[in-house]
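This report describes one protein chain for a reader who is new to structures. Look at the sequence and the model first, then read on.

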Amino acid sequence: REWSGGLILGGFEPNAKPCFPGGRIPDRFEFQLFDEDWDHFSILMENGLLRVPSLESATIRQMVNGPESFTIDNQYILGEAPELANYYVAAGFNSSGIASAGGA
């Protein structure tokens, strides 16, 4: 982050955990974040320290912990919705949406 003199570290953890263990997204859950989870982030931080050793003495201003739009099986949700005729869904593309859009 050149404009603030900072650095952003993040990634996709190898063993993700479900955002909503009950399987239902709470009503009015828009643009919200989760509590900090340093234990879960530790594998990303450890790998970040290997790449940028000076992170060890850096001040951490903020941890941002939010949901990602992965499906449980990592496959897209694509096709007609079973509950509503002529209603089609294309979701779960996450960070490959633009790359996958042409083949969808």
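The backbone nitrogen of H40 lies 3.1 Å from a polar atom of the D37 side chain. A polar contact is a pair of N or O atoms within 3.5 Å; within protein, one must be able to donate a hydrogen and the other to accept it, and residues adjacent in sequence count only if both atoms are side-chain atoms. D37 belongs to the segment before α1. Beyond its neighbours within four places in sequence, D37 is in contact with K17, M63 and N65, where contact means heavy atoms within 4.5 Å.

## Model and confidence

This is a predicted model, in which local features need pLDDT of at least 70 and side-chain atom pairs count only at pLDDT 80 or more, while totals for chains, interfaces and linings use all residues. Residues are numbered from 1 along each chain as its sequence is written, and side-chain values use heavy atoms, with hydrogens and water left out.

The pLDDT is the predictor's confidence in each residue, from 0 to 100. Its average over the protein chain is 85, and 92% of the residues score at least 70. Confidence is highest in α1, at a mean of 94, and lowest in helix α2 (residues 97–101), at 68. Where pLDDT is low, the predicted coordinates should not be read in detail.

## Helix α1

Helices (H or I, at least four residues) and strands (E, at least two) are DSSP runs, numbered from the N terminus. Helix α1 covers residues 38–51, which is 14 residues. From first C-alpha to last it reaches 19 Å, close to the 20 Å expected at 1.5 Å a residue; the expected span is 1.5 Å times one less than the number of residues.

At L44, α1 bends by about 35 degrees. The bend is the angle between axes fitted to the seven residues ending there and the seven starting there. Which residues of α1 are buried? They are F41, L44, M45 and G48; buried means under 20% relative accessible area, exposed over 50%, and partly exposed in between (1.4 Å probe, protein chains only). An α-helix has 3.6 residues a turn, so residues three or four places apart point the same way.

## Aromatic rings

Rings of Phe, Tyr and Trp (its six-membered ring) pair if their centres lie within 6.5 Å; planes under 30 degrees apart count as stacked, over 60 as edge-to-face and the rest as tilted. The count by this rule is four aromatic pairs. F20 and F29 are an edge-to-face pair, because their ring centres are 5.1 Å apart and their planes stand at 85 degrees. F29 and F34 are stacked, with 5.7 Å between centres and 25 degrees between planes. Together F20, F29 and F34 form one aromatic cluster. F34 is partly exposed, at a relative accessible area of 26%.

## Loop and segment residues

F70 sits in the loop between α1 and β1 (77–80). With 42% relative accessibility, F70 is partly exposed. Leaving aside neighbours within four places in sequence, F70 is in contact with F12 and N94.

F31, in the segment before α1, has a positive phi near 55 degrees without being a glycine. Is F31 buried or exposed? F31 is exposed, because its relative accessible area is 88%.
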